[in-house]
Amino acid sequence: MSSLTEKAAQNNAEALLIEVARMILEELQKREEAVQRIVSQLAISEVEYKRAITAEVVKGIAIEAHYAFLPNAPCTPSIVKDKALRVLLKKLGRDQRIYGAT
Amino acid sequence: MTDDKIVVMFKFRPSSHSDDFTLIATYQTVEDAGKAQAALDKLLKDMEEHPESYDTDWSPEEAQVSAAGNQVTFAVYSAGFLDDVESVVEKTAKPETVNCYTNYQELTITVKLPKGLTPQTAMLVLDKEEAEAIKWLTETIGTPKIAEGADGEQTYEWFYSGDEIYWDGCLNIGFEFQVDEKENWAVEG
């Protein structure tokens with residue numbers, strides 16, 4: 001793979017991660033009530049919580065996002081986004097159960 | 001040659017390298033540490049009840065959670081799958097520090113030296129390895145506690161806590177210092 005191809009893949013992966021982060025924030029917005037209940041049990045603010053859970057999700061899909069733009073990619077951006085949503089729901093479910101917000 | 005077939009079975013260990021991870025979070029108050037400990041206990045319980053929600057290489061019964069004063073300690077053997085633990089530790093209460101160690105050790109390292117030597121002068125008098133070891137210990141841990149003996153000797157003592165540096169009688173401190181071959185040195189864990 002040429003360095004130009006690799007650079008393009010990296011740029012695309014970064015753009016995808018930003019898109020995923022935006023998507024996660026929108027999803028959290030839709031679940032505002034659950035987020036509020038979790039945050040009421042935490043020592044961090046709502047903004048900090050949203051940032052933390054978004055970072056967790058992005059970390060969870062970062063490798064797939066990178067591979068999605070390489071030649072013969074084993075996954076697509078769409079698959080990466082689906083996984084991101086699944087990871088978000090897992091993390092949110094975890095926090096709802098741990099912080100008694102179910 | 002016969003037609004007899006020989007079946008050879010190999011068992012492979014997981015490809016990822018695992019270590020004993022120890023995560024120590026220090027909070028401002030004992031109460032905060034208590035909250036974090038309770039949340040970690042809930043996390044482990046949740047892992048038992050909802051294993052499908054977690055992407056880890058360890059099971060909750062393998063993990064240990066403890067609290068002492070304003071510190072909470074979480075220990076488990078893993079290849080580094082600690083995201084959920086870090087998440088709980090960092091948001092339940094605001095920690096002052098969070099440190100993660102591999103193969104955590106607490107060691108008391110002592111060396112007996114002639115009275116009157118300071119850490120600086122000791123480095124001029126001792127052999128190169130001992131001097132380098134004292135330099136590393138002083139730079140990494142700090143000035144040693146010095147105890148005067150009645151036998152014309154003094155003992156320098158450092159208390160170390162952190163990543164594994166001592167095994168098989170050897171201190172690995174940037175170089176291998178075979179401390180068990182030195183009569184005046186001792187390491188206790």
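A residue is called buried here if 20 or more other C-beta atoms lie within 10 Å of its own, exposed if 12 or fewer, and partly exposed in between, with C-beta atoms placed from the backbone. This is a predicted model, so local features need pLDDT of at least 70 and side-chain atom pairs count only at pLDDT 80 or more, while totals for chains, interfaces and linings use all residues. Residues are numbered from 1 along each chain as its sequence is written, and chains are lettered from A in the order in which they are written.

Take helix α2 of chain B, residues 83–91: its buried residues are B:D84, B:V85, B:S87, B:V88, B:V89 and B:K91. Helices (H or I, at least four residues) and strands (E, at least two) are DSSP runs, numbered from the N terminus. The buried residues of α2(B) pack against these elements, some of them in the other chain:

| Chain | Elements packed against α2(B) |
|---|---|
| A | α3, α4 |
| B | β1 (19–27), α1 (30–49), β3 (71–78), β4 (95–102) |

On to the interface: 12 residues of chain A are in contact (C-beta atoms, placed from the backbone, within 7 Å) with 13 residues of chain B. On the chain A side, α3 (46–67) and α4 (77–98) each give two or more residues, and α4(A) gives the most, with five.

Back in chain B, β2 (residues 64–68) runs antiparallel to β3(B), joined by five bridges. B:A67 stands opposite B:V72. The two strands form a hairpin with two residues between them, and B:G69 in the turn has a positive phi of about 60°.

How values were computed:
Contact = placed C-beta atoms within 7 Å. Pairing = 2+ DSSP bridges.
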